[in-house]
Amino acid sequence: MKYRLLLILHLIDLISCGVIPNTSKKRFPDAIIVGVKKSGTRALLEFLRVNPLIKAPGPEVHFFDKNFNKGLEWYREQMPETKFGEVTIEKSPAYFHSKMAPERIKSLNPNTKIIIVVRDPVTRAISDYTQSSSKRKRVGLMPSFETMAVGNCANWLRTNCTTKTRGVNAGWGAIRIGVYHKHMKRWLDHFPIENIHIVDGEKLISNPADEISATEKFLGLKPVAKPEKFGVDPIKKFPCIKNEDGKLHCLGKTKGRHHPDVEPSVLKTLREFYGPENKKFYQMINHWFDW
Ligand code: A3P
């Protein structure tokens with residue numbers, strides 16, 4: 001270990017003296033934001049990219065779930081060019097609930113750092129529903145969130161909407177993804193907990209600098225995130241990056257959407273459904289949230 005460190009320091013010396021040219025090349029990612037969808041994964045990546053040592057492809061790559069048959073060289077090609085000392089990250093939030101992704105990532109590189117953003121699964125489900133209904137451009141046609149979550153969703157889901165789990169259509173993807181411990185178990189079966197960093201999606205909104213600097217440290221970088229580098233979108237009330245000239249750079253219109261008001265009785269049913277599932281998740285990661 002000591003010799004490895006000395007070798008790395010020596011390499012840095014050689015590169016900074018120009019003996020070894022520090023050329024850019026495409027590399028497999030050092031870290032992957034694997035999810036959870038609708039928990040703030042885009043905000044996390046955009047805020048991390050303020051650090052000049054963090055490089056990431058723009059679009060989601062979806063290699064370990066949808067594009068695996070395209071092969072490893074295709075995957076490498078999607079990555080940005082990085083120099084020695086820089087960190088390559090990709091984010092594909094559907095990896096979190098993909099059955100194959102943990103095993104495939106491990107077989108490519110068992111030292112890959114895994115980053116997971118989580119938020120209250122009830123809020124996450126409403127966000128997921130809001131996105132699906134707007135994507136299908138069937139707002140007004142798609143049943144209400146309440147119908148999908150606890151009602152008769154028969155024509156909308158392949159799952160049986162008459163068999164409920166504690167009153168909830170637990171087979172609906174928007175609900176199922178939020179049963180975090182079931183998916184988390186697969187990650188912990190393949191990666192040690194020290195290689196997994198959990199980001200609190202609610203704190204990423206209320207205190208982005210803290211969540212970002214904790215993630216920078218996890219990536220082995222000196223944090224550059226500071227509270228003064230963030231501002232708040234006056235309309236959406238979500239955090240944005242404050243540029244040098246003071247102008248705000250906020251996420252696009254598909255992030256920070258208006259959510260429908262959900263009937264309190266349905267929220268209560270969902271909270272009761274998620275309560276025991278959340279506890280299992282907290283125990284698994286040894287970290288408590290107040291959902
Ligand atoms: P909504 O658009 O439903 O509010 P993801 O990037 O994983 O798809 O997550 C999207 C969610 O991130 C948004 O869902 C929003 O609640 C949350 N979010 C967190 N930080 C944000 C930010 N700075 N700007 C916009 N949305 C943010």
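**Burial, cores and aromatic pairs in a predicted model**

The scale is as follows: buried means under 20% relative accessible area, exposed means over 50%, and partly exposed lies in between, with a 1.4 Å probe and protein chains only. This is a predicted model, in which local features need pLDDT of at least 70 and side-chain atom pairs count only at pLDDT 80 or more, while totals for chains, interfaces and linings use all residues. Residues are numbered from 1 along each chain as its sequence is written, and side-chain values use heavy atoms, with hydrogens and water left out.

D210 is found in helix 10, residues 208–218. Helices (H or I, at least four residues) and strands (E, at least two) are DSSP runs, numbered from the N terminus. Between the C-alpha atoms of D210 and P227 the separation is 7.9 Å, although the two residues are 17 apart along the chain.

Let me now turn to the chain as a whole. The chain holds eleven helices and ten strands. Of its 291 residues, 44% are buried. The chain exposes about 15,700 Å², of which carbon and sulfur atoms supply 55%; accessible areas come from the Shrake-Rupley method with a 1.4 Å probe, and for residues only the protein chains shown count as cover. Contact means heavy atoms within 4.5 Å. Among the contacts in the chain with a separation of 6 or more, 69% are between residues 24 or more positions apart.

Next, the interior. In soluble globular proteins, nonpolar side chains tend to be buried together. A nonpolar core, as used here, is a set of buried Ala, Val, Leu, Ile, Met, Phe, Trp, Tyr and Cys residues joined through side-chain atoms within 4.5 Å. The largest such core has 26 residues, and those with the most contacts inside it are Y95, I105, I116, W187 and F281. Two or more residues of this core come from each of strand 2, helix 4, strand 6, helix 8 and helix 11 (264–285). A second, separate core has 23 residues, including A56, I212, F230 and I241. Leaving out residues up to four places away in sequence, I116 touches V34, G35, V36, F96, M184, I196, H197, I198 and V199.

Which residues of helix 4 are buried? In this helix, residues 101–108, they are A101, P102, R104 and I105. Seen down the axis of helix 4, these buried residues fall within an arc of 165 degrees, so they line one face of the helix; the arc is that of the directions from the helix axis to the C-beta atoms. Their cover includes strand 2 (31–35), strand 6 (113–118) and helix 8 (180–190).

Helix 8 is also the place of H183. H183 is buried, with a relative accessible area of 8%. Beyond its neighbours within four places in sequence, H183 is in contact with F96, H97, R176 and I177. Helix 2, residues 41–48, is mostly covered, with eight of its eight residues buried.

I come now to the aromatic rings. Rings of Phe, Tyr and Trp (its six-membered ring) pair if their centres lie within 6.5 Å; planes under 30 degrees apart count as stacked, over 60 as edge-to-face, and the rest as tilted. By this rule there are 22 aromatic pairs. One of them, F63 with Y75, is stacked, at 4.4 Å centre to centre and 10 degrees between the planes. This pair links distant parts of the chain, with F63 in the loop between strand 3 (54–55) and helix 3 (72–78), and Y75 in helix 3, twelve residues apart. F63 and Y75 are both buried. F64 and Y75 form an edge-to-face pair, with 5.0 Å from centre to centre and 75 degrees between the planes. F64 lies in the loop between strand 3 and helix 3, and Y75 in helix 3, so the pair ties together parts that are eleven residues apart in sequence. F64 counts as buried at 1% relative accessibility, and Y75 is buried with a relative accessible area of 0%. One aromatic cluster is formed by F28, F63, F64, F68, W74, Y75 and Y95.

Where does the charged end of R76 sit? It sits over the ring of F28, 4.6 Å from the ring centre. A charge sits over a ring if NZ of Lys or CZ of Arg is within 6 Å of the ring centre and within 35 degrees of the ring normal. K113 lies over the face of F218, at 5.5 Å from the ring centre.

Finally, N67 lies in the loop between strand 3 and helix 3. N67 counts as buried, at 16% relative accessibility. Apart from neighbours within four places in sequence, N67 is in contact with V61, H62 and W74.
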